Amino acid sequence: MEYKTFQIETSLLQLISPEQAYSYKIIPVGSDATSITFKTTSKNTLTLKQELQIVLGKEVLLVSETEENLRQYLAKNYRKSNAIISESLHYSEDFLLKIILEAKNIGSSDIHFEIFEHTSRVRFRIDGKLIEKYVIPITEYAIIVNRIKIMAGMDISEKRLPQDGRISIDTEVSDFDIRVSALPTLFGEKIVLRLLSKDTSGIQLEALGFTKEELKTYRESIKKPNGIILISGPTGSGKTTTLYATLKEINNDNTNILTIEDPIEYTLEGINQVQLKENIGLNFASTLRTFLRQDPDIIMVGEIRDVETANMAIRAALTGHLVLSTIHTNSAWATITRLIDMGIPSFLVASTLNISVAQRLVRKLCNHCKKATKISIDLFPKNSSLPTNLKNHYVSVGCEKCYYTGYSGRKAIYEIIPINKHLTNQIKSNVLDIEAYLLKEKIPTLKSNALELIQQGETSIEEVYTLLTE
């Protein structure tokens with residue numbers, strides 16, 4: 001244990017629940033076969049000791065700690081849940097369900113179950129970062145994996161090949177789906193659970209991170225009756241959320257909207273959603289062919305992965321449909337070169353693409369503890385010029401409100417290039433260097449938007465460092 005960071009070993013943390021830690025105001029700092037040592041601020045240690053011994057069934061040793069330090073220990077190591085767990089779930093008795101519901105309630109997107117030679121663990125992804133939450137005995141790991149596979153409808157006897165499955169959780173207080181992926185590794189199967197929310201009430205274009213000008217430009221493109229809207233970015237950059245927010249905005253009783261997704265992350269009322277199943281031939285390209293016979297107005301393709309899917313999307317746009325999709329590229333303009341490299345003729349790209357969008361998710365600095373400091377060129381990547389109007393920047397500090405991470409929540413930043421007549425001619429002529437054009441038209445890039453967030457004090461240089469090199 002390193003005192004300065006207030007970090008407690010995972011094996012000690014899981015000796016008590018977050019509710020017990022906050023209720024009793026205790027932090028576990030040591031353990032052996034017969035006893036547990038806690039830090040506490042309690043003055044009535046005799047009563048606390050007796051109660052904990054009854055609850056935990058072990059001898060309890062108490063060490064005095066200051067109020068301030070204990071607050072930091074609690075905030076750093078135990079996140080409070082945002083919802084109440086239904087008593088009918090036997091939260092304390094069902095370890096797997098406890099993990100799933102805890103992850104859901106503290107806003108985790110993924111749960112990782114991992115096994116190594118001498119240990120196994122559970123990690124949660126929160127705000128894009130993995131945090132170790134539990135250490136599991138090796139002898140128990142296989143039991144938990146089999147339980148997950150049974151719940152997901154997977155073959156528990158197959159341990160040599162990757163498998164995919166799905167779990168639906170329906171309780172009095174929570175209703176969501178889980179995508180399950182099993183991967184054989186050296187010492188056993190690694191399981192990743194992706195938590196998929198059915199609640200779309202908070203998904204709105206205005207809340208994603210668009211500037212006013214960017215939102216106006218984007219909305220103009222999605223009002224067009226046909227063409228392609230492409231959103232690019234790495235895995236986990238929020239592309240699918242932007243697409244869902246778009247579909248919510250353009251969905252009405254007069255339009256037939258069809259989607260093919262892998263997986264279906266949100267359930268949208270009034271939209272016909274299809275789950276990809278490649279093992280039976282239900283892939284993006286084959287489903288798109290069927291979509292064209294379903295009298296659609298708008299088609300959403302989860303991802304353009306290959307030339308066949310790209311060709312079908314182009315064909316759908318040419319025949320009078322509005323097509324929305326995602327693609328993996330580093331910038332909005334790189335999307336055009338990627339399509340051409342795939343083998344799509346440049347004149348078809350030019351005549352069908354309405355708008356190209358690139359996006360990233362960045363963590364926002366905690367407003368309660370961020371600290372202003374003077375800017376220095378040494379903080380920026382090599383060959384980067386220091387913006388003349390940037391005198392100060394904010395750094396992460398950490399406090400109780402942000403669980404001592406220095407960050408609270410995330411927002412998307414965008415690079416939006418509407419394809420106008422000038423760019424259409426550029427694409428047709430295969431003139432793909434448009435840096436001067438972007439500067440002339442004052443079209444914000446990911447880099448310029450990242451610098452703007454630094455200037456506004458919304459994020460740190462460290463968080464957007466990779467964008468400043470692009």
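I started with Ser120, which sits in strand 5 (residues 120-126). Strands here are DSSP runs of E with at least two residues, helices are runs of H or I with at least four, and both are numbered from the N terminus. The model is predicted, so I noted its limits: local features need pLDDT of at least 70, side-chain atom pairs count only at pLDDT 80 or more, and totals for chains, interfaces and linings use all residues. Residues are numbered from 1 along each chain as its sequence is written, and side-chain values use heavy atoms, with hydrogens and water left out.

**Entry 1: Ser120**

Is Ser120 buried or exposed? I found 0% relative accessibility, so Ser120 counts as buried. Buried means under 20% relative accessible area, exposed over 50%, and partly exposed in between (1.4 Å probe, protein chains only). A polar atom of the Ser120 side chain lies 2.6 Å from the backbone oxygen of Ile136. I then listed contacts (heavy atoms within 4.5 Å). Leaving aside neighbours within four places in sequence, Ser120 touches residues including Tyr134, Ile136 and Tyr141.

**Entry 2: Phe113**

Next I looked up Phe113, in strand 4 (residues 110-115). Phe113 is also at 0% relative accessibility and therefore counts as buried. Its contacts beyond four places in sequence include Leu96, Ile136, Tyr141 and Leu193. I checked Phe124 too: its C-alpha atom is 9.2 Å from that of Phe113, and the two are eleven residues apart along the chain.

**Entry 3: Phe187**

Where is Phe187? I found Phe187 in the loop between strand 8 (175-185) and strand 9 (188-197). Phe187 is partly exposed, because its relative accessible area is 38%.

**Entry 4: helix 11**

Which residues of helix 11 (residues 334-342) are buried? I noted Thr335, Ile336, Leu339 and Ile340. Seen down the helix axis, these buried residues fall within an arc of 135°, so they line one face of helix 11. The arc is that of the directions from the helix axis to the C-beta atoms. An α-helix has 3.6 residues a turn, so residues three or four places apart point the same way. The cover over the buried residues of helix 11 includes strand 10 (227-232), helix 10 (307-318) and helix 13 (421-428). After helix 11 comes Gly343, with a positive phi near 115°.

**Entry 5: the whole protein**

I ended with totals. The protein has 16 helices and 18 strands. Of its 470 residues, 49% count as buried. Its C-alpha trace spans about 80 × 60 × 45 Å along the principal axes.

Definitions and conventions. Polar contact = N/O pair within 3.5 Å; in protein donor to acceptor, adjacent residues only side chain to side chain.
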